[in-house]
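Trainee: Could you take me through the reading of a few backbone and packing features, beginning with the terms themselves?

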Amino acid sequence: MLDPSGPTRTRIRGAGRATTLAVVTAALVSGAGLPVLATASAESVAPKRIGSAPVIPHGAAKAAAPAADTELDLSVTLEPKDQAALTTFVNAVSTPGSPLYKHYLGTGQFAQRFGADAASVASVRAALTAAGLHPGEVGANGLTIPVKATVAEAKKAFDTDFAGYTLPDGTAAYANTQAPAVRGDLAGKIAGVVGLDTTATYAPRSVAKPKAALKGPAVSGDKARNIGASPQLCGEWKTILGNAGLVDGVDYYSSATLAQAYNLNGIADGASGSTIAIMSLENYDTRAAASWQSCNNTKTTVTNIPVGGFVPAAPDTANGEGGETALDVDTIASLAPGASILVYQGVNSGQGVIDTYQKIVNDNRAQVVSISWGRCEAERDSGRENAMNLILQQAAAQGQSVVAASGDSGSTDCNGSGLNENVLNTDSPASQPYVTGVGGTSHSGLGTYPGPISVWNRSGGSGGGGLSTRWALSDTDFPWNAQHDAQYSNVCSAGTGQSCRQVPDVSALADPDHGYLIFTDYDSDNTLWANIYGGTSAAAPLWASLVALANASTNCAANGPVGFLNPILHKLDGSVFNDVTIGNNDISGSGKYNAHAGYDLASGLGSPKGKNVMAALCQQLPSQPAGTFTSVQPKRLLDTTTAHAVPSRQTTSLTVAGDANSGVPAGATAVTLNVTVANTSGIGFLTVWPYGKAMPATSNINWVDGGGAQPNLVTVPVGADGKIGIYNGSWASPARVVVDIFGYYTPDTSGAGFVPLAPTRLFDTRYGDVNVAKAPLGGLKQISVKIAGGVSKDGVSLNVPATGVTAVVLNTTVTRGQGPGWMTVFPAGNTPPLASNLNWTDNKTVANLVTVPVGADGKISFYNAMSGQVDVLADVFGYFTSDGGDKFHAAGPKRLVDTRTGKGAPLKAQVNGNTVHIDLKDGGVLNGASSVVLNIAALNTQNNGFLAAWPGYTTRPAASSNLNWVGANQMVANAVVVPVKNNAVDFTTNSPADVIVDLLGYYSAS
């Protein structure tokens, strides 16, 4: 039974989350707590206590109470305006087959949709102020009110005393002695009060292998690696481990053997475009983490984000600090080397933990969140658990997958804490309803799915699992939990139609005797130390990596991330898991729980068959609707102007679908825009993506030293609210952004299909031809060229029919301009619109892809909007027709090639005359593509040059180029549409340059 000294149990209502505990005490009725409104009845304002008092850690010694003037940082979490609607929405966006599946909320939308209503916020803030506290404005989630107070103020306002403690590690702490009291008529509006207690800390769920610490030389530098294979441990450390008698795949798992064991080998993109957040409550040795990547030759971007009052002082590695975060970073960098890692570092306290979770979710930068810290449920007060539950519901609503270690004490999670020893309990946050709990297994040996696989249970540790004592889940709202109910003990006081939350959901290797090799730290003598780690906190980042790899696959990338995993995972066929049937997670003599066929409370669904799970997760996604194209008269949608430029490292959003000004209907799936940046300085980039989804690790425009005005054609899906996001990636300066609309895609047959063509030169004013005279285009002048039924510059048919053509796709280049200028391409017979396709500075060669409607006479016009003359050349790449053609599928944005890191190319090397083949066999999704829409960029140029792209494994078309640059150290980008041959496209440069290729979408017959 539950230890009576533990927190009071709470249940999830039918709507899906815990109720607050409301207890009226005689003392409170007399008027203590928050002040009573004179107009309210005594019964309605009688103070009520919210949640439960904190559980003081074992070994904490009583000390002097905190001084009355001790400053507190608190937070009051409000109930959402409609909890039932929130539960329904999360279920809908997370469940395959639902009409709302994958229609996630965008960043900032949660507060609008489900935040507390304005009246509740105002009444609670007013009551807090009247009680002598100092509330701030409600937070970005619409539910959290930060509160400043002293101990004396909080003691009076919440009718609780405070006690002082010295924790076992010598840290001074304090805690409220009773659950906080609030005014009765407001109790139903408040889910919890956090921050009154500093004794509640999290512990890492990792275990180091005894006597396995090894030392070796510093590691740095780049090594060539085929990106199509998993990272390989560097030779010097293989030797060190071998000399220590340690065998890869037996005594430890390196990056390569771990990937092989879980069938995650040979994934070419390595989770490119995915972002994983690591929740950390410590500092770690970043130099050792960088050396791990150097040894494995990975280039994963790792960014540390301090939260609240976290101060990144040197980690105390001698006492184990930093090992957990190093384990998380090294594991993810090994298994998902193309992902970006965000390490959120928070303060290890009740308020610090909540602040860290909230920051990760409010930022919404990561599609996957990995948590390797926890505390047994019996030691968690309900106020914090309720606050966390709402944060995790927000994550699910936004499409973020959260995985958490299930603990290392088997079925009795409190073991080792000194409290509630040998009592059945689970670990928080793994037991939270909107988290995927990851248990622990043991195996050794080489090859895929080495066996036998058993539940990890040795050396005093075992994978956590069992029944939550806190969360009773509605069988209707959480059918994936109810389907495994095997009449286990009702420890959560579940009512009719409810089941106790069952943990874990899945599992993976956690046994430190066959654990994960990582680099932990450098000592003062510049010696690098490594160790072998296990624990369920190693299994959690493994699963986070797997989900990130799935999110980066083409179908997931096109439709949105997997999101809340449990409704999908628990529906998958058992063949995608290694069913663990050996062992149990009993380390206390309780006899719980045995592994058996199918789901069990020792190993969950089992450990993953990597690529099988990835494919199954993405097969659950709806197929991307095929789109037909409707061109519009070019029109300006946005000009931020210099005064309102997009700040550096900031995002602006723009509504394009369902907006009367744009002319794009609400049902549009993607839009074709010309985007221009100007007035920049330094080095930077611009990223455009469907607003509300996590920002991809791609770019549309790149610049160096300002670079003047730079345009690019952008084809981008729209977010669920019809918006696109525009991110200024410059560290140095704001950017003026101009957006012009040229067309849109809808998932029906009302628009036009696309017919790709081999690049054919239409005209070139530098030399003159059958279409134009040999003369630059004068200032404020235009030329018109017949394209529907027209001929090339050499008089050969363009293969563009005379009828049925609605728009054409051109690569247009300007060069040898006299002064700065801009050009617009538009249907002949119309007035030149206030929209630009190309922008240039003095004598600069600039290319840009153009999608333009065709005039009634089959012609298009080119208008030089500035006074100086300029030479113009144009190549035809395809056309849109109402008589058939291919349909468009969004597929990204997703990075395919980056020669700076070796991604997508055999070696890390600049391109210089050699042909690079981009293989498009991505899980079969692109096998039927007739052409692909790419964004290409050249960086780190050495002299004048160009880049050309063409159908794969064919001869490059003569005189074709997609991108041109002049001089060294340039950074230029352009969109291209390239026909696909042999499941590939090719590219080359005629001058040394690094190349980036991002996939935006593709065309196919269906």
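Mentor: Helices (H or I, at least four residues) and strands (E, at least two) are DSSP runs, numbered from the N terminus. Residues are numbered from 1 along each chain as its sequence is written. This is a predicted model in which local features need pLDDT of at least 70 and side-chain atom pairs count only at pLDDT 80 or more, while totals for chains, interfaces and linings use all residues, and side-chain values use heavy atoms, with hydrogens and water left out.

Trainee: Where is Lys102 placed, and is Lys102 buried or exposed?

Mentor: Lys102 sits in the loop between helix 3 (83–94) and helix 4 (109–114), and has a positive phi of about 75° although it is not a glycine. Its relative accessible area is 7%, so Lys102 is buried (under 20% is buried, over 50% exposed, partly exposed in between, with a 1.4 Å probe and protein chains only).

Trainee: How are two packed helices described?

Mentor: They are described by the angle between their axes and the distance between the axes. Here the axes (lines fitted to C-alpha atoms, for helices over the stretch in contact, with angles from 0 to 180 degrees between N-to-C directions) of helix 15 (residues 536–552) and helix 18 (residues 610–619) come within 9 Å and cross at roughly 50°. That makes helix 15 oblique to helix 18 (under 35 degrees is roughly parallel, over 145 roughly antiparallel, 65 to 115 roughly perpendicular, and the rest oblique).
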